[in-house]
Amino acid sequence: MDAFTRFTNQTQGRDRLFRATQYTCMLLRYLLEPKAGKENVVMKLKKLESSVSTGRKWFRLGNVVHAIQATQQSIHATALVPRLCLTLANLNRVVYFICDTILWVRSVGLASHVNKEKWRMWAARHYCCFLLLSLARDLYEISLQMEQATRDGAEREKSPPQDPPGYSVADEETEWLQSFLLLVFRSLRKHPPLLLDTVKNFCDILNPLDQLGIYKSNPGIIGLGGLVSSLAGIIIVAYPHMKLKTQ
């Protein structure tokens, strides 16, 4: 109970819970819409989703300051690739939160002249860039983990493996793919923060890709991706040691 209280006392914790609720409603609404007699339930889920989405905007009002601080911190990263990816990613995140704040101001009636569609597309564009750069950083970290795992495996196996009789090129390609996927799995399994960050960013990018028309998805896929991402975010907020650290 104490851990739950500490979690909900954090703005990020409450935002993750609201976000999980929002995307759960989206997923359930998509699953129930084709079924007859569920119109009332679908309408309630839609209203709840809208209310939760509006509430989340209040939690995000101060995030532009946190994004600026994250940009300042990422500049001092030791490795070049993470420094470049994280700095550019956080700059896009700053612009995204500025666009999000302008959209919120319009939604409450303080600036009705604002072009909602234009700013919504700008927000989606910068959010997509932020996630792409974050995924690039994740792929870089995965490659480092794979290199380390390869070196560890080479030390354990000094003698080269012998090909069995009847070994073909197709077998070699299949074995290479299996070895590659197994290496990725082992690398991520040994580094849970990297696994969580990669899953979260990959699931999150489905929404802006759909908004920009780059890769269209149905609400069910977006809802499922958002729910998985929210659960990963909840774990990261609840257990800070699971957050991917900047080298």
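Asp 204 counts as buried because its relative accessible area is 8%, where buried means under 20%, exposed over 50% and partly exposed in between, with a 1.4 Å probe and protein chains only. The model is predicted, so that local features need pLDDT of at least 70 and side-chain atom pairs count only at pLDDT 80 or more, while totals for chains, interfaces and linings use all residues. Residues are numbered from 1 along each chain as its sequence is written, and side-chain values use heavy atoms, with hydrogens and water left out.

**Salt bridges**

- The structure holds eight salt bridges, each a side-chain nitrogen of Lys or Arg within 4 Å of a carboxyl oxygen of Asp or Glu.
- One of them joins the side chains of Arg 19 and Asp 204 at 2.6 Å, N to O, and this pair links distant parts of the chain, with Arg 19 in helix H2 (residues 11-32) and Asp 204 in helix H8, 185 residues apart; helices are DSSP runs of H or I with at least four residues, numbered from the N terminus.
- Arg 19 counts as buried because its relative accessibility is 10%.
- Glu 33 and Arg 29 also meet through their side chains in a salt bridge (3.5 Å, N to O), in which Glu 33 is partly exposed at 46% relative accessibility, whereas Arg 29 is buried at 15%.

**Helix contact**

- Helix H8 (residues 192-204) meets helix H10 (residues 219-238) through residues including Leu 196 and Asp 204 in H8 and Gly 225 and Ile 236 in H10, contact meaning heavy atoms within 4.5 Å.

Key:
Axes are lines fitted to C-alpha atoms, for helices over the stretch in contact, and angles run from 0 to 180 degrees between N-to-C directions. Helices (H or I, at least four residues) and strands (E, at least two) are DSSP runs, numbered from the N terminus.
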